[in-house]
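This briefing goes through a structure by topic. It begins with a contact between chains, then turns to one chain and to a single residue.

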Amino acid sequence: MTSERTQDWVDTLTQGLIHHAAQRAPGPLSERLEEEWLADLAERHGKLSRLRLSLGCCWAVYFIAREQRIATVHAASATVAHAGFVGYPREDSSRLSSRSATFFVVVALHVAVLCGLAVGLSGHFTKPTAAPFVTRVIERVPPPIDLPRPPTPNFSTTTITLPPDVEVPPIQAPLPLVDAKADVSPAPPVTDSAPVPPMQPAVLRLNGSPGKGFPNTDDFYPDIEIRAGAQGLATVMACVDAKGRLTSNPTIVQSSGRPRLDEAALKLAKAGSGHYVASTEDGRPVSACYPFGIRFYLRK
Amino acid sequence: MGKPERDVRMSLQTLKVLESFLENPTDQLSGADVHQRCKLASGTLYPILLRLEAAGWFVSRWESIDPSSAGRPRRRLYRLTPTGLKRAGEVFASFNRGVFA
């Protein structure tokens with residue numbers, strides 16, 4: 001019962017499809033194709049085979065109608081050209097040809113791709129391949145320095161034996177010191193280690209020193225050294241005759257450490273010529289050279 | 001539908017249809033018979049039959065029966081024309097030589 005109902009349903013469907021396909025065929029062929037296809041349908045026994053035949057007829061009528069239209073247009077064009085006109089065979093422009101449909105499909109695909117790129121579609125699918133760069137400061141640890149241990153000093157006691165005929169030089173009087181506060185200062189002790197010729201013990205010799213009226217150190221203190229706060233002591237060697245005058249230009253025997261102060265000390269010693277106290281031997285003034293100190297210092 | 005012969009585009013399916021008729025050129029075959037021989041789908045077979053008929057290679061006629069008494073529709077029978085037979089022979093001859101007309 002069910003099989004018969006299904007058979008009826010398939011027959012109805014296939015005959016309807018064939019009728020529908022034949023109606024779409026060109027007029028002269030419509031009745032012929034419907035009867036021809038129904039006759040062929042009657043020779044098919046399987047339901048699926050009958051259904052395939054009817055569907056194939058729907059597909060076939062499209063090509064049949066298309067070829068029929070082309071043949072008609074060719075014939076019409078030939079007639080028009082024979083009458084003196086140049087005709088161009090055209091298909092029915094009311095329907096899309098396969099070429100036009102392909103063109104529109106390609107245009108639609110391009111528009112879709114461009115829209116996808118415009119809205120940033122690619123950004124949803126791309127993933128960053130690497131983390132952003134991060135700058136780190138790497139501290140460089142200096143390698144340990146292995147310095148060799150200093151050698152242990154070898155202290156050894158050496159005995160120095162002096163020759164028996166070495167004479168110890170006598171201790172001289174201290175050098176006179178010219179102080180900025182006082183015009184004349186007592187001579188400082190002389191610690192010069194230069195060899196001094198042996199003195200005859202019968203002669204009592206006393207070195208001279210800057211005397212009364214000797215210039216003041218403040219008058220020769222360079223201003224630039226005062227601003228710099230420089231202080232120092234320069235030892236000057238002066239050769240003085242019996243009348244207290246310089247016999248030669250004084251010289252620096254021990255620098256103060258600052259050239260400007262040494263130069264000022266020489267100017268002061270030169271300016272003091274005639275105001276020196278001459279050295280004496282047994283109380284008599286004699287011409288001799290002796291050192292004395294000139295100190296430049298700042299008062300608070 | 002007999003028309004002056006026209007150029008027919010030769011395809012593999014067209015050659016199969018011609019081959020089924022060349023087995024016995026005097027046979028009159030319906031669409032169902034051709035389908036049984038070359039196993040072509042109806043969507044391909046019927047346009048080829050109509051194309052060859054329009055080109056003058058085939059002629060067709062209705063089966064000589066009474067549909068009401070037979071209880072079925074009339075079949076459309078196709079047959080090769082002398083021109084179709086000659087052209088089909090030339091096509092297959094050139095095909096065998098490697099030259100496809």
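**Contact between chains A and B**

In this predicted model, the contact draws 16 residues from chain A and 16 residues from chain B. On the side of chain A that touches chain B, helix H2 (27-43) and helix H3 (47-82) each supply at least two residues. H3(A) gives the largest share of that side, with 9 residues.

- Sorted by class, the side of chain A that touches chain B consists of 10 nonpolar, 1 polar and 5 charged residues.

**Chain A overall**

- The secondary structure of chain A amounts to 8 helices and 9 strands.
- Chain A has 300 residues, and 20% of them are buried.
- Of the contacts in chain A with a separation of 6 or more, 65% are between residues 24 or more positions apart.

**Val203(A)**

- Val203(A) sits in a loop of chain A, between strand S1 (177-178) and strand S2 (205-206).
- Val203(A) counts as exposed because it has 10 C-beta neighbours inside 10 Å, and the cut-off for an exposed residue is 12 or fewer.
- Apart from its neighbours within four places in sequence, Val203(A) is in contact with Glu281(A) and Asp282(A).
- For the pair Val203(A) and Glu281(A), the separation in sequence is 78 residues, while the C-alpha to C-alpha distance is 6.3 Å.

Notes:
Residues numbered from 1 in each chain as written. Chains lettered and ligands numbered in written order. Predicted model: local features only at pLDDT ≥ 70, side-chain atom pairs only at ≥ 80, totals over all residues. Contact = placed C-beta atoms within 7 Å. Helix = DSSP H or I, 4+ residues; strand = E, 2+ residues; numbered from the N terminus. Nonpolar A, V, L, I, M, F, W, Y, C, P; charged D, E, K, R; others polar.
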